[in-house]
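Please look at the sequence and the structure before reading on.

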Amino acid sequence: MSRTHLFLPLLASLGLSLAASPTAAQTQEQIEPAALLVIAGRSQDGTQQNIPPQRSTPPAEAVTPRAPSSPATFTYPSQADGFGIKLGGYNTSRWAEDWRGMRNPKKRDDPLDRLKYLPIDADGVAYVTLSGEIRLRENYLSHPGLAVGPHRQEQLLRIFAGADAHVGPLRVYGELAHGGLAGYNIGTPAGKSRNDLFVQQYFAELSGTIAPGLAAGVRYGRQEFTDGAPGLISVKDDNSLHTELNGARAWVSFAQFRADVFDFKQTTLGIGGGGDDRIDDGTRFSGVTFGAVLANAPKRKIFFDPFFWRERNDALKWGKTTGLEVRHYYGARLWGSIDRLTFDWLVNHQGGDFAGRPIDAWFLQAAQTYSLSNKGLKPKPGIHFDFGSGGGAYGTGTIRNTRVVTAGSIAYSYQLVLNLTNLFQVSPNLTISPSKSIDLTAELQHSLRVNENDAVYRGAGTAYAGTQLVKGAHVGDAARLQATWKVSPRISVVGRYEYFEPGAVLKAVGSKGSHFLAGWISVRF
């Protein structure tokens, strides 16, 4: 019996107990990446607001309340503060949650609510918050990697357990994770899918209000970092384990402006115990992200986030060459909501050097969705455009291939057969909500190659062999469906389907059409 199947009885019993007793924190979920939605998030004090969601948030992996900005306190709006994607009672990054409201016994609905606020001293200045998650997922692919061969079937298990200790302005956070993988034709397991024990996060933080209208903080250790455009940075929540960075982060924020400075190294995952997941000294990611509030009214929330980053990788591969790459990211993100319209626009130029060759690449994104009605099926049509430049990997001149830092490729293919490098993609979509707890999204994707002399790239960033020698632009087309059911505040169920039909470029190297099916249940406390 597989490790995954051993946890089925536990998941079932835990799910029944949690479904029967909702918590005070209402989970709100976002369809990813098919549409940007206007979602009403309920904060822990019960107030409602329209929230400009962030793109590339996996559904059922949501998030914490976004309390409206109060002019009386002069704080930067929490929905844009760079501390994770926040919508309901839970956050993708569990450290971003604030459960001090559970200090009041009247706000607790069941025994698990007590675990969200465990006082250490009589005054409640020192307290601990416990958190956890179990996610059971099943994947099916008819032609894995678009290659001829047997199907793949995966059973994936995620278990997270975290503790967040606060003593005044001092905070210490720790989180353990386990990833289980079983199935058929699963190949060599990767650490992001199978890992007996991963010390997923451990950091110390000192933060607080240092003057009226001025907040600041500093954090050191292994941590999740998502302060940037989702197309460039994410924790890859589609995986069993999150993407973690190691280093320091410091921030300062006023009412209308903020700045976040950081210096990190990547984490290389093993598949055994907690001692084989090491800091990768061959990488370094540092820079600064700024934020400015352009509008923060109930029906108009607009944010402008310029950024300046540097990434070093000692052993990066382009074409047949492996060498040192130092890449600079200069760009800005304009995002938010205006009445029923939500939008997320990004312009990013990438420069630097790869093995003595200059880098000159561009990454552009434009996503927008409009809510036609707040009644009935609440239809929300949308469209997003994604452009990543390409060229130079198989030559000797300038490298024009776009790279992302930690973001995944789920936005371009559910089954991870495409990467933004050397890709232009247009994706119209429609989301409907048959009930308050169910969202359905349909999306069509048309994918083209930007540079015909460069390869088509897989989700992992590797090239489809031989595609750099094939002429033509059409990479492929996909139809995608997703259903999200919020069973209770703590439980959510998600189903996904995608069919990807290769275009002329991929067919020329033998790629086949592939069906992808996935479903999972997430249980949190």
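## Salt bridges

A search of the whole structure finds 26 salt bridges, a salt bridge being a side-chain nitrogen of Lys or Arg within 4 Å of a carboxyl oxygen of Asp or Glu. Side chains of opposite charge can pair when their charged atoms come close. The model is predicted: local features need pLDDT of at least 70, side-chain atom pairs count only at pLDDT 80 or more, and totals for chains, interfaces and linings use all residues. Residues are numbered from 1 along each chain as its sequence is written, and side-chain values use heavy atoms, with hydrogens and water left out.

Asp263 and Arg284 meet through their side chains in a salt bridge (2.6 Å, N to O). Asp263 lies in strand β10 and Arg284 in strand β11, so this pair ties together parts that are 21 residues apart in sequence. Helices (H or I, at least four residues) and strands (E, at least two) are DSSP runs, numbered from the N terminus. Asp263 is partly exposed at 28% relative accessibility, and Arg284 is partly exposed at 36%. Here buried means under 20% relative accessible area, exposed over 50%, and partly exposed in between (1.4 Å probe, protein chains only).

## Buried pairs

Arg403 and Glu311 also form a salt bridge (2.9 Å, N to O). The two residues are 92 residues apart, with Arg403 in the loop between β16 (380-388) and β17 (423-435) and Glu311 in strand β12 (residues 300-318). Arg403 counts as buried at 15% relative accessibility, and Glu311 is buried at 6%.

In another pair, the closest N and O atoms of Arg480 and Glu498 are 3.2 Å apart. Arg480 belongs to strand β19 (residues 474-486) and Glu498 to strand β20 (residues 491-502). Both Arg480 and Glu498 are buried. A network of salt bridges links Glu133, Arg158, Asp237 and Arg524.

## Strands

The chain has four helices and 21 strands. Strands β9 (residues 245-253) and β10 (residues 257-268) run antiparallel and are joined by eight bridges; two strands pair if DSSP finds at least two bridges between them. A hairpin of three residues connects β9 to β10.

On its other pairing, β10 runs antiparallel to β11 (residues 278-297), with eleven bridges. Arg258 is the bridge partner of Ser253, and Gly291 in β11 is the bridge partner of Arg258.

## The chain as a whole

Of the 525 residues, 55% count as buried.
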